[in-house]
Amino acid sequence: MMRRGFSRRDFLKTAGAFTAMTAIGEFPAEVFADERKMVRFPEKTDLIVLTQRPVQLETPLHYFKELITPNKALFVRWHISQLPTSVDLNLWRLRVGGNTEKELALSMDDLKQFEKVSYTAVIQCSGNGRSFFEPWVAGGQWKNGAMGNVTFAGARLRDILNKAGIKAGSVDVSFDGLDRAPLPSVPDFVKSLPVDKALEDDILVAYEMNGEYMPLLNGFPARLVVPGWYATYWVKGLTDITVLPKQFEGFWVKTAYRIPDTACGCIPPGSAPKKTIPINRMTTRSLIIDPSVQAQLKAKKPVEIMGIAFSGGYSIREVIVSVDKGKTWKEARLGQDKGRYSWIQWFFPWKPDTPGKYTLMARATNSIGESQPFESLWNPAGYLWNKIEKVEVMVT
Amino acid sequence: MRRTIIFSMILASLILAAAFAVAGPQAPVHSISLPETRVELAPGDGKVKVETFCNICHSLDYITMQPKFSRAQWTGTVNKMVKVFGAPINEEDSKMIIDYLVAQYGAGN
């Protein structure tokens, strides 16, 4: 009954939160995913708890069978512990200023006056998959659930910046949200983009996720959306956009969220990088969602292997699948194309001939030839994880 | 009588507040409250220090979720908390905390 890594105390505590389910007497299946504790936070469903304060929650993999990740199931990741638990839209304003012609203080109604733009995009934490790195690295020990595929809608950042009027000589644009640090010595969570990046077509100040307002834990009332780039830039509870005449020097860009300045963003495992740059575009990934490791498969009975693939802003050209631990590969069929920022589903029919253990693998390549490595590419912060996954299944 | 009126006014405003709290974006105020349960650490020398200092800025599951780090890695983490984030921990307490983390949540060396 006892799961590895869990004390009886943990069990009792979890059980307490799920009295209704434990009343049946069995260990409720929903409470654990990969033997990790699940809790239901406000506006969210049961998600895997990494940390409670600040809140960090991971999405169980089975949600990725769907093309769109429901708002209640999307992962949650905050950095500093005073996160917003109440927002009054009468008071909330998005301030735009700094090196601009005008200062703006936009209400939600003002924000909705800008042209409304919508698309589906993968949102993925920089540290998604961190727990798989060897040697181990410190930080949020995510498996693969710090991501999701969501339809965002909002105003173009460029339209907002143009309304304020960017002055010549601007270098960076910084973004601050409602979260605050627990002590003055902890740096406020502020991010920045180079001004050219900030003026690209597709960056949004989004106020909707999947056609609804977003949960507070996912950034209500508005968050930045930088499609193709890791979610560290997608500042939640956005309140301040500041155009800067010089490079932004804040901790969360200058010191944290950096990758080695090498072609692969990697260095020899365990070593230290000579030079680093801010993390940016996502690497190309594919995941096998179905069958899962727990699947009960039968010889000679056909199944459809299903998964997802995405990359940092370029469409997926091909996904190849191996059912024999990488000896032979065949192309999978790709599903509905929802644009270059969305993930795409892929399908691969399979009929295992004989009983035994099979290792399934999938490898995606995007339209500019970026693909996935067979061996993990290491970096000290545990970012950019995109090693080809192996799923072992038993066929009886 | 007067009491009843005041009471029902309070009640009405409470109901109103509750309605706003759940109604979402149309309502001006959108609120949630966050649950937090105590994270139980493994017994051992230094446990109280860890509970005192490592709980200030974040919950203790930041510790319990990490893999079994070496002494060098735990030392690096504790030093980062002090030097980078300004954790108010003196050298003596840091040492005790590192010993505890290595013994209870580390590779033991």
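1. A residue is termed buried under 20% relative accessible area, exposed over 50%, and partly exposed in between (1.4 Å probe, protein chains only). By this criterion B:Arg38 is exposed, with a relative accessible area of 51%, while B:Glu51 is partly exposed at 22%.

2. The model is predicted: local features need pLDDT of at least 70 and side-chain atom pairs count only at pLDDT 80 or more, whereas totals for chains, interfaces and linings use all residues. Residues are numbered from 1 along each chain as its sequence is written, chains are lettered from A and ligands numbered from 1 in the order in which they are written, and side-chain values use heavy atoms, with hydrogens and water left out.

3. Confidence in chain A, given as pLDDT (the predictor's confidence in each residue, from 0 to 100), averages 92, and 91% of the residues score at least 70.

4. Chain B comprises 5 helices and 1 strand, taken as DSSP runs (helices: H or I, at least four residues; strands: E, at least two) numbered from the N terminus. Their order from the N terminus is α-β-α-α-α-α. Of the 109 residues in chain B, 34% are buried.

5. At the interface, 41 residues of chain A are in contact with 34 residues of chain B. The buried area, that is, the accessible area (1.4 Å probe) that two parts lose on being put together, summed over both, is about 3,100 Å² between chain A and chain B, and carbon and sulfur atoms give 60% of this.

6. One salt bridge (a side-chain nitrogen of Lys or Arg within 4 Å of a carboxyl oxygen of Asp or Glu) is counted between chain A and chain B. B:Glu36 pairs in a salt bridge with A:Arg53, and their closest N and O atoms are 3.0 Å apart.

7. Within chain A, a salt bridge joins A:Arg95 and A:Asp240, with closest N and O atoms 2.9 Å apart. The two residues lie 145 residues apart, A:Arg95 in strand β7 (residues 94-98) and A:Asp240 in strand β15 (residues 238-244). A:Arg95 is partly exposed at 41% relative accessible area, whereas A:Asp240 is buried at 18%.

8. In chain B, the side chains of B:Arg38 and B:Glu51 form a salt bridge (3.6 Å, N to O). B:Arg38 belongs to the loop between β1 (29-31) and α2 (47-53) of chain B, and B:Glu51 to helix α2. Salt bridges with shared partners connect B:Arg38, B:Glu40, B:Lys47 and B:Glu51 in one network.

Notes: Contact = heavy atoms within 4.5 Å.
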